[in-house]
Amino acid sequence: MNDKIIMDTNAAVKAAIPKLDCKDEELHVRSKCVEFIGRFVKNPKSKLVLDLDYEIIKEYRNRIPTNTDMGKVFWRWFNTYIGQISFDDLVKLDKRADGNYDKFPLEERTEKFDMSDRKFIALAIVHEEHPPIVEAMDGKWLGFKDVFEEYGVHIEFLDMDYAAMMLDRKSVNKRSS
């Protein structure tokens with residue numbers, strides 16, 4: 001795992017969910033998220049790339065609990081980090097009137113990618129180092145992984161097996177609808 005990353009919100013959200021509140025099938029992915037967040041915040045070289053308009057920070061604030069053990073660990077690290085973030089890692093994302101980002105590779109193969117997650121893809125493209133996006137378990141990302149690779153966007157899944165299972169479920173649900 002790289003020291004400089006873009007982190008999809010669900011990695012920290014899943015880590016911050018108390019074990020007792022987690023579905024049995026998600027315990028393994030939760031464990032991987034807890035391990036990831038623990039290693040990330042303990043590494044003094046860890047850097048998180050964010051957008052200058054704070055869209056990602058707002059999403060983190062709305063979704064990552066502050067009152068759980070791992071939530072507290074993440075927020076303690078984040079609040080220190082944000083005060084020291086390099087200007088190079090706080091990147092402006094230009095947005096069009098239709099809500100898409102100028103640098104999001106909008107084409108036939110990506111038009112169904114979740115609008116709320118497009119900021120992460122655009123950020124990976126805009127940042128000069130093109131840091132990888134850490135994704136915890138969202139299967140829909142897996143369905144677009146190869147397309148985004150063509151644009152230089154690398155997605156690192158914390159639990160590839162779980163993501164594949166979720167993508168398969170989504171495909172089965174679409175076929176049965």
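Reader: How many salt bridges does a search of the whole structure find?
Author: Twelve. Keep in mind that this is a predicted model.

Reader: Okay, which residue meets Lys4 in a salt bridge?
Author: That's Asp89, at 2.9 Å from N to O. The two sit in distant parts of the chain, 85 residues apart: Lys4 is in strand S1, and Asp89 is in the loop between H4 and strand S4.

Reader: Is Asp89 buried or exposed?
Author: Asp89 counts as buried, because its relative accessibility is 1% and the cut-off is under 20%. Lys4 is buried as well, at 14%.

Reader: And what does Lys92 pair with?
Author: With Asp53, again with a salt bridge, and the closest N and O atoms are 2.9 Å apart. Lys92 is in the loop between S4 and helix H5 while Asp53 is in the loop between S3 and H3, so this bridge ties together parts 39 residues apart in sequence. Lys92 is partly exposed at 41%, and Asp53 is partly exposed at 32%.

Reader: Switching to H4: which of its residues are buried?
Author: Met70, Gly71, Phe74, Trp75, Trp77, Phe78 and Tyr81. Down the helix axis they fall within an arc of 165°, so they line one face of H4. Asp69 and Arg76 are exposed on the face turned away from that side.

Reader: Nice. What covers the buried residues?
Author: Several elements, including strand S1 and helices H1, H2 and H3.

Reader: Which residues touch the most other members of the largest nonpolar core?
Author: Met7, Leu48, Tyr60 and Phe74, out of 54 residues. Beyond its close sequence neighbours, Tyr60 contacts Met7, Leu48 and Phe74, among others.

Key:
Residues are numbered from 1 along each chain as its sequence is written. This is a predicted model: local features need pLDDT of at least 70, side-chain atom pairs count only at pLDDT 80 or more; totals for chains, interfaces and linings use all residues. Side-chain values use heavy atoms; hydrogens and water are left out. Buried means under 20% relative accessible area, exposed over 50%, partly exposed in between (1.4 Å probe, protein chains only). Helices (H or I, at least four residues) and strands (E, at least two) are DSSP runs, numbered from the N terminus. The arc is that of the directions from the helix axis to the C-beta atoms. Contact means heavy atoms within 4.5 Å. A nonpolar core is a set of buried Ala, Val, Leu, Ile, Met, Phe, Trp, Tyr and Cys residues joined through side-chain atoms within 4.5 Å. A salt bridge is a side-chain nitrogen of Lys or Arg within 4 Å of a carboxyl oxygen of Asp or Glu. Lists of a residue's contacts leave out its neighbours within four places in sequence.
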